[in-house]
Amino acid sequence: MSVTGKTADLIRFASGKKRPKTSAIIVAAGSSTRMGSTVSKQFLEVAGVPVLARTLLAFENTKEIDEIIVVARQSELALVGEIAARWHISKLSAVVAGGDTRAASVKNGFLHVHHAAKFVAIHDGARCLVTPQMIEKVCRVAYRHRAATAACSVSDTVKTATKRGFIAKTVDRSTVYLATTPQIFSTNLYRAALETVKGAELLTDDNQLIERLPYPVKLVDCGKDNIKITEPRDMRLAEFILKEREGE
């Protein structure tokens, strides 16, 4: 199966469904410098399954998702295709090269979204503990509000700091969330943001792009298990969470 370009024939945009057609962009083009490994974190194994494979399987098994586009490093495009084939990711429609920044990588992926898609779900490939239930939850909120993001509330007391590192003030933690992914938007809304927001290539997540339109993004609390694999300790934490899930 060729996955180096747009392959519309692979997309299962079924007719007759009332829900909006939704594409997923999986961003897996990071450098993985903090892992301290010669292997990109997307291809390291968590409990015997590659990080990226776990992520792809979650979107494959979410009925709201109609196609999957993976954005990867140029040198790893073929490897992504191999993983998709091995783990039977039938919704994969394209694997494309990333850009110099995360924002540029997402834009490259967005160019390959099917023309019939009404929503796009953007997800970090390294967030391999995402579940179909989490994805579905954010999708349904996005369908109502046009823009929604997975997030988690904080339990610690939150402080802001001065430039010299002293406490400036205490923040009401009931209003503080950590943004995670997926971040799901109307394709028309996302396209408008790409065309109008200046400095988009420097933004660290896609919520900021929509915020600068400006347009409100609805927060969806998906709990604290949707961690991002960034450092070696995250691999151990991910395996612990998976064992807990198996116990449940």
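Which side chain meets that of aspartate 124 in a salt bridge? The partner is arginine 102, at 3.1 Å from N to O; a salt bridge here is a side-chain nitrogen of Lys or Arg within 4 Å of a carboxyl oxygen of Asp or Glu. This is a predicted model, in which local features need pLDDT of at least 70 and side-chain atom pairs count only at pLDDT 80 or more, while totals for chains, interfaces and linings use all residues. Residues are numbered from 1 along each chain as its sequence is written, and side-chain values use heavy atoms, with hydrogens and water left out.

**Sheet and helices**

- Seven strands form an open sheet with mixed pairing, in the order β5-β4-β1-β6-β10-β7-β11. Helices (H or I, at least four residues) and strands (E, at least two) are DSSP runs, numbered from the N terminus, and two strands pair if DSSP finds at least two bridges between them.
- β5 and β11 (218-221) are the edge strands; each has a single partner strand, so one side of each has no neighbour in the sheet.
- From one strand to the next, the twist averages 25 degrees. Axes are lines fitted to C-alpha atoms, for helices over the stretch in contact, and angles run from 0 to 180 degrees between N-to-C directions.
- The pairing of β1 with β6 is parallel and spans six bridges. Alanine 24 has alanine 121 in β6 as its bridge partner.
- Helix α1 lies across β1, β4, β6 and β10 (177-186), at about 175 degrees to β1.
- Helix α5 (residues 187-196) also packs on the sheet, where α5 touches β6, β7 and β10 and makes about 105 degrees with the direction of β10.

**Nonpolar cores**

- The largest nonpolar core has 35 residues, and those with the most contacts inside it are Ile26, Leu56, Phe59, Ile65, Ile68 and Val70. Such a core is a set of buried Ala, Val, Leu, Ile, Met, Phe, Trp, Tyr and Cys residues joined through side-chain atoms within 4.5 Å; buried means under 20% relative accessible area, exposed over 50%, and partly exposed in between (1.4 Å probe, protein chains only).
- Elements giving two or more residues to this core include β1 (22-28), β4 (67-72) and α4 (132-145). The largest share, six residues, comes from α4.
- Isoleucine 65 touches Thr22, Ala24, Phe59, Lys91, Ala121, Ile135 and Cys139, leaving out residues up to four places away in sequence. Contact means heavy atoms within 4.5 Å.

**Charged side chains**

- The structure holds eight salt bridges.
- Aspartate 124 is in strand β6 and arginine 102 in helix α3 (residues 102-110), so their pair ties together parts 22 residues apart in sequence. Aspartate 124 is buried at 8% relative accessibility, whereas arginine 102 is partly exposed at 21%.
- Lys63, Glu64, Glu136 and Arg140 are linked in a network of salt bridges.
- Lysine 63 bridges to glutamate 64 at 3.4 Å between the closest N and O atoms, and to glutamate 136 at 3.3 Å, N to O.
- Lysine 63 lies in the loop between α1 and β4 and glutamate 136 in helix α4, so this pair ties together parts 73 residues apart in sequence.
- Lysine 63 is exposed at 52%, while glutamate 64 is buried at 4% and glutamate 136 is buried at 19%.
- Glutamate 60, in helix α1 (residues 51-60), is buried yet has no salt bridge. The nearest side chain of opposite charge is that of lysine 91, 5.6 Å away; Lys and Arg count as positive and Asp and Glu as negative, with His and the chain ends not counted.
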